[in-house]
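Reader: I would like to learn how to read a fold from its coordinates. Please take me through it one feature at a time.

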Amino acid sequence: MMNKNRILIFAALILMAGGLIYLIYLHSKILSYAQAKPAAAADYLIVLGAKVNGDVPSLALQYRVDAAAEYLKRNKETIVIVSGGKGPGEAISEAEAMKRSLIVQGISSGRIIKEDQSASTYENIVFSKRLLPVKANSGIIVSSDFHLYRSIMMAESQNLSVTGLAAKTPEVILVKSYIREYLAVTKFYIER
């Protein structure tokens, strides 16, 4: 009986250590992608959607739009695809909310392409790819810092050559966002 208990305790410790190592690995990948600097003069940005409260971007979405606007102001030839459909509680699509916010920040509507049918990160990527100009080669995914690693992996799985531009994550959703992302990345690994 004593031997069986020791084996069970040892197995539980091994599983916990393995889980901890996996979480450290995931967190380091997420951080490395969040800290990477995007190249200048990309052909396009794809800004991934997030919640809209009525017709007002959530703080997470506004941070993404702000990061994109800053890049677009410095890189005048880059176009932007704003990507996100209309979900529950949203009076307008996430794409429309982003487009409006970019225009307010001085980005010409002629540089903005709206993808407003997607309902997930995967669909953001797939549907946005269909809207890319033929000659567009180098791209940047704009999303919250915790979200870039998985988003870039998804874009690369669709044969897009992209880097990331990290927007900060609001502190009030930081812990929840990282926990959800660990699970989402794990699901992506399994399904891939």
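Author: Let's begin with a helix pair: helix 4 passes helix 5 in a right-handed crossing. A crossing is right-handed if the near helix is turned clockwise from the far one by less than a right angle, and left-handed if anticlockwise. One caution on what you see: this is a predicted model, where local features need pLDDT of at least 70, side-chain atom pairs count only at pLDDT 80 or more, and totals for chains, interfaces and linings use all residues. Residues are numbered from 1 along each chain as its sequence is written, and side-chain values use heavy atoms, with hydrogens and water left out.

Reader: At what angle do the axes of helix 4 and helix 5 cross?

Author: An axis here is a line fitted to C-alpha atoms, for helices over the stretch in contact, and angles run from 0 to 180 degrees between N-to-C directions. The axes of helix 4 (residues 121-129) and helix 5 (residues 148-157) cross at roughly 40 degrees and come within 10 Å. That makes helix 4 oblique to helix 5; angles under 35 degrees count as roughly parallel, over 145 as roughly antiparallel, 65 to 115 as roughly perpendicular, and the rest as oblique.

Reader: Which residues of helix 4 and helix 5 meet?

Author: Contact means heavy atoms within 4.5 Å. From helix 4 come Thr-121, Tyr-122 and Ile-125, and they meet Arg-150, Ser-151, Met-154 and Ala-155 of helix 5. By class, this contact has four nonpolar, two polar and one charged residues. Ala, Val, Leu, Ile, Met, Phe, Trp, Tyr, Cys and Pro count as nonpolar, Asp, Glu, Lys and Arg as charged, and the others, Gly among them, as polar.

Reader: How many helices and strands does the protein chain have?

Author: Helices (H or I, at least four residues) and strands (E, at least two) are DSSP runs, numbered from the N terminus. The protein chain has six helices and seven strands, in the order α-β-β-β-α-β-α-β-α-β-α-β-α along the sequence. Its C-alpha trace spans about 75 × 35 × 25 Å along the principal axes. For contacts between residues at least 6 apart in sequence, 73% join residues at least 24 apart.

Reader: Which residues have the most contacts inside the largest nonpolar core?

Author: In soluble globular proteins, nonpolar side chains tend to be buried together. A nonpolar core is a set of buried Ala, Val, Leu, Ile, Met, Phe, Trp, Tyr and Cys residues joined through side-chain atoms within 4.5 Å, where buried means under 20% relative accessible area, exposed over 50%, and partly exposed in between (1.4 Å probe, protein chains only). The largest core here has 26 residues, and Leu-45, Val-80, Val-82, Leu-102, Ile-140 and Val-142 have the most contacts inside it. Among the elements giving two or more residues to this core are strand 1 (44-48), helix 2 (59-74), strand 4 (79-83) and helix 3 (94-104). Helix 2 gives the most, with eight residues. Another core, of 24 residues, lies apart from it and includes Ile-46, Ile-125, Phe-146 and Leu-160.

Reader: How do helix 2 and helix 3 pack?

Author: Their axes are 10 Å apart, at an angle of about 45 degrees, so helix 2 and helix 3 are oblique to each other. Their crossing is right-handed. Helix 2 contributes Leu-61, Gln-62, Val-65, Ala-68, Ala-69 and Leu-72, and helix 3 contributes Glu-94, Ala-97, Met-98, Ser-101 and Leu-102. By class, eight of the residues in this contact are nonpolar, two polar and one charged.

Reader: Is Ile-107 buried or exposed?

Author: Ile-107 is buried, with a relative accessible area of 2%, although its place is in the loop between helix 3 and strand 5 (112-115). Leaving out residues up to four places away in sequence, Ile-107 touches Ala-69, Leu-72, Lys-73, Leu-102 and Ile-112. Helix 3 is followed by Gly-106, whose phi is positive, near 95 degrees.

Reader: Where is Ala-41 placed, and where is Asn-159 found?

Author: Ala-41 is in the loop between helix 1 (2-35) and strand 1, with a positive phi near 60 degrees. Ala-41 is exposed, at 55% relative accessible area. Asn-159 is in the loop between helix 5 and strand 7. Asn-159 has a positive phi of about 60 degrees although it is not a glycine, and at 69% relative accessibility Asn-159 counts as exposed.
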